[in-house]
Amino acid sequence: MEVKVVRRPPLSQWMDSDTIGRTTRCSLQLPRRSQDLKRSEVLISVNRWPRKTSGYRRLIAVETSCSNNEFSASAVQSGSLGALGSLDECLVLKSKSQEVGPYLNGRCIFLVGMMGSGKTTVGKILSQVLGYSFVDCDTLVEQEAGGTSVADIFKLYGEGFFREKETEMLRRASTIPRSVVSTGGGAVMKHINWRYMHKGLSVWLDVPLDALAKRIAAVGTHSRPLLHSETGDAYTKAFNHLSSLFKERGEAYANANARVSLEEIAARHGYRDVSFITPAGIAIEALEQMEHFLKDMEGVPHDTL
Ligand SMILES: Nc1ncnc2c1ncn2[C@@H]1O[C@H](COP(=O)(O)OP(=O)(O)O)[C@@H](O)[C@H]1O
Ligand SMILES: O=C(O)C1=C[C@@H](OP(=O)(O)O)[C@@H](O)[C@H](O)C1
């Protein structure tokens with residue numbers, strides 16, 4: 001679960017860094033008013049989305065997890081473009097979330113979708129703009145298993161055990177109001193899981209398989225045991241396995257209350273492919289789709305607000 005920001009260290013000058021797996025360890029030179037800190041060791045996991053937006057700006061999002069004697073914080077920060085995306089996206093996110101908030105009325109939001117579809121990334125943005133807590137179902141399972149990783153749970157106890165724990169964690173998450181839950185890609189396959197997810201609102205992040213395979217190939221398959229066993233290069237093995245999983249799961253994802261289709265967003269904006277769509281842009285579309293669903297449910301015409 002995301003830790004609340006206690007104090008956000010101002011990102012100033014990078015001193016040095018080295019990379020351990022997906023985590024980069026860096027030192028930062030903090031500004032004068034933090035003189036007592038001088039050089040602070042900060043653990044940074046860097047998610048780079050070098051997106052060329054329409055204006056050919058590059059967006060680099062940096063997720064920081066910091067701790068030393070002075071502060072302990074976890075936050076999503078983006079280089080020069082603000083915490084959540086470009087300034088335009090921030091403004092739209094803010095106004096959209098204010099519009100949808102009353103309709104959501106504290107409902108828990110469950111993000112569903114294939115591995116790598118962005119449930120965690122987009123979920124964190126949504127939780128931030130809505131002022132909800134962020135819950136990662138895989139992380140809950142890992143905590144329940146005493147800190148054992150999902151990959152090790154599969155290896156040591158088998159997928160059946162993981163699925164049981166996943167159901168229990170979804171039940172638990174469904175009792176947390178005002179939360180955005182990132183579910184595991186396979187959570188849609190059990191009927192009972194939908195009973196819990198239908199207590200709130202579910203949103204399917206529908207991302208084309210080739211984009212998913214590219215994202216997963218970029219970070220490696222080690223943390224996603226269902227993709228790890230195939231032979232071949234990282235992209236091909238991810239693509240092949242995702243394709244067969246999607247054949248089994250496609251219909252189940254469509255049970256979600258709202259759908260965010262990256263292909264449709266790309267077509268609407270005239271993008272050549274979906275890699276031009278930022279996580280903030282996806283979060284905006286998720287808010288819009290949720291709003292449509294909730295207004296339909298309450299019989300509110302879409303054009304009155
Ligand atoms: N819109 C996006 N464009 C490019 N990469 C993305 C986007 N959203 C997420 N990613 C990257 O894809 C990978 C999987 O995202 P993640 O949020 O962990 O997916 P999930 O939780 O659905 O498995 C991460 O490396 C993340 O940085
Ligand atoms: O698709 C799946 O069956 C799985 C997806 C993973 O979560 P993400 O979708 O967050 O990668 C994780 O729950 C587990 O490896 C199984």
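Predicted model: local features only at pLDDT ≥ 70, side-chain atom pairs only at ≥ 80, totals over all residues.
How much accessible surface does the protein chain have, and what share of it belongs to carbon and sulfur atoms? I looked that up first: about 15,300 Å², with 50% belonging to carbon and sulfur atoms. Accessible areas here come from the Shrake-Rupley method with a 1.4 Å probe, and for residues only the protein chains shown count as cover.

Residues are numbered from 1 along each chain as its sequence is written, chains are lettered from A and ligands numbered from 1 in the order in which they are written, and side-chain values use heavy atoms, leaving out hydrogens and water.

**Whole chain**

I find eleven helices and ten strands in the protein chain; these are DSSP runs, helices being H or I with at least four residues and strands E with at least two, numbered from the N terminus. Of the 305 residues, 47% are buried (under 20% relative accessible area, 1.4 Å probe, protein chains only). I also checked contacts (heavy atoms within 4.5 Å): among those between residues at least 6 apart in sequence, 61% join residues at least 24 apart.

**Ligand 2**

I went to ligand 2 next and found 13 residues around it, the closest being Lys119, Asp138, Arg163, Arg224 and Arg249; to be included, a residue needs a heavy atom within 4 Å. I then read off polar contacts, meaning N or O pairs within 3.5 Å (within protein, one atom must be able to donate a hydrogen and the other to accept it, and residues adjacent in sequence count only if both atoms are side-chain atoms). The side chain of Lys119 puts a polar atom 2.8 Å from a ligand 2 oxygen. For Asp138, a side-chain N or O atom is 2.8 Å from an oxygen of ligand 2, and for Arg163 the distance is 2.7 Å. On its own ligand 2 exposes 390 Å², and the protein buries 95% of that. Helix H5 (159-173) and helix H8 (225-228) are the elements giving two or more residues to the shell.

**Ser97**

Buried or exposed, I asked of Ser97? Ser97 is buried, at 5% relative accessible area, and belongs to helix H1 (residues 87-104). Its side chain reaches the backbone oxygen of Val129 at 3.4 Å. Beyond neighbours within four places in sequence, Ser97 contacts Val129, Leu130 and Leu287.

**Helix H7**

In H7 (residues 209-219) I noted Leu209, Ala211, Leu212, Ala213 and Ile216 as buried. The buried residues of H7 pack against H8 and helix H9 (234-253).

Terms used:
Buried < 20%, exposed > 50% of the residue type's maximum accessible area, 1.4 Å probe, protein only.
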